Amino acid sequence: HSGLADVAGVSMVSTNSLFPEPQELPFWSHIPLNFALMDERTLAGLSQRAMSGLEGIQATMLPGSDCVVPDLDPNPFQCGWGYHWQSIVCEGSRYLPWLTEQVCALGGRLRRVSRLTSLEQLSCPEGDLREVDVDLVVNAAGLGSLELLPDPEVVPIRGQVVRVEAPWVKQAYFYEPYYIIPNRDTVVLGGTGQKGDFNLAVSQDDKRRILDGCCRLLPSLRGARVMADWVGLRPGRTSLRLELQREGVRLGGGSSGSPGGGGRVVPVVHNYGHGGAGLTLAWGCAGDVVRLIVEEGLIE
């Protein structure tokens, strides 16, 4: 609701979570505004809308796209149960540049170096931490922690989405594994969650499944123009790692910073393994990082 909402890419969006049959209420149901179970009339309306949009359709090409959706299932998704709630959408393409500006305004310095294979390489000439009095390292390298530490529990979770132009879509919809999320300029259609897959190429099969599923859920999307495809790797892990390692990394020990090479050992706070919930968990995890640092006596 602040004046920063637009530049930071943050907005409130009405959200519909749909299921074929009743589920347990989510543990967070007491947190969002206006959380309510859908009544039978609402569910029937969603199913009827889906059915009406599918009648007589066997194959479709979305304008601006070379992706044909063949042999559509004539049956809509069974919306037998669901809930409606107010969610906050945070668009990373706007939010991360804004957040970077806040860091710089507070005196933070950003430096891009070549790919590191260990934390000790922060002491190499390119890392340029040899002459700096470093008190602490925070490792928020995400998927990079697989090789950086190394941590064998880290795993990529491949996600693919399609962005379409559909300004008439004002609400978000979720029906596992599909989702429809309106952004400011486009609507995001997803998605995939392929664990252990490093492939960053766009899969046409995944694209067809996403378009087919999302159009079955919201048939008006068949009039949307495809704007872009996107693939990313979520930084998955068996569980989120957020902890302080007192004997973390040796810095300033010569060119390599390797153990036994002099220098000094500084603690490391690890904060990675958030999967697809990075923006959701960011502020809470950042608060825990600060708490650990305060408890260690490194800052007041």
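Buried means under 20% relative accessible area, exposed means over 50%, and partly exposed lies in between (1.4 Å probe, protein chains only). These words return at several stops of this tour.

**Before you start**

This is a predicted model, in which local features need pLDDT of at least 70 and side-chain atom pairs count only at pLDDT 80 or more, while totals for chains, interfaces and linings use all residues. Residues are numbered from 1 along each chain as its sequence is written, and side-chain values use heavy atoms, with hydrogens and water left out.

**Stop 1: confidence**

Colour the model by pLDDT, the predictor's confidence in each residue, from 0 to 100. The protein has a mean pLDDT of 87, and 85% of its residues reach 70 or more. Select residues 66-70, where pLDDT stays under 50. This stretch has 21 contacts (heavy atoms within 4.5 Å) beyond four places in sequence. Then select residues 255-259, where the pLDDT is also below 50; the model gives this stretch eleven contacts beyond near neighbours in sequence.

**Stop 2: salt bridges**

A salt bridge is a side-chain nitrogen of Lys or Arg within 4 Å of a carboxyl oxygen of Asp or Glu. The structure holds 16 of them.

Select E91 and R184, whose side chains form a salt bridge at 3.4 Å, N to O. E91 sits in the loop between β5 (81-90) and α3 (92-105), and R184 in the loop between β9 (178-182) and β10 (187-190), so the pair ties together parts 93 residues apart in sequence. The helices (H or I, at least four residues) and strands (E, at least two) are DSSP runs, numbered from the N terminus. Is E91 buried or exposed? At a relative accessible area of 6%, E91 is buried, whereas R184, at 28%, is partly exposed.

Next, select R115 and E147, a salt bridge with its closest N and O atoms 3.2 Å apart. R115 is in the loop between α3 and β6 (137-139) and E147 in helix α4 (residues 145-148), 32 residues apart. R115 is exposed, with a relative accessible area of 68%; E147 is partly exposed at 44%.

Now select E296 and R246, whose closest N and O atoms are 3.2 Å apart in another salt bridge. E296 belongs to the segment after α6 (278-295) and R246 to strand β13 (residues 241-251), 50 residues apart. E296 is partly exposed at 28%, while R246 is exposed at 56%.

**Stop 3: aromatic rings**

Rings of Phe, Tyr and Trp (its six-membered ring) pair if their centres lie within 6.5 Å; planes under 30 degrees apart count as stacked, over 60 as edge-to-face and the rest as tilted. The whole structure has eleven aromatic pairs.

Select W28 and Y83, an edge-to-face pair with 6.1 Å centre to centre and 80° between the planes. W28 lies in the loop between β1 (10-19) and β2 (33-37), and Y83 in strand β5, 55 residues apart. W28 is partly exposed at 23%, and Y83 is buried at 6%.

W85 lies in strand β5, 57 residues from W28 in sequence, and is buried at 13% relative accessibility.

Which residues form one aromatic cluster? Select F19, W28, F35, W81, Y83 and W85 to see the cluster.

**Stop 4: a charge over a ring**

Last, select R216 and F77. R216 lies over the face of F77, at 4.1 Å from the ring centre. The criterion is NZ of Lys or CZ of Arg within 6 Å of the ring centre and within 35 degrees of the ring normal.
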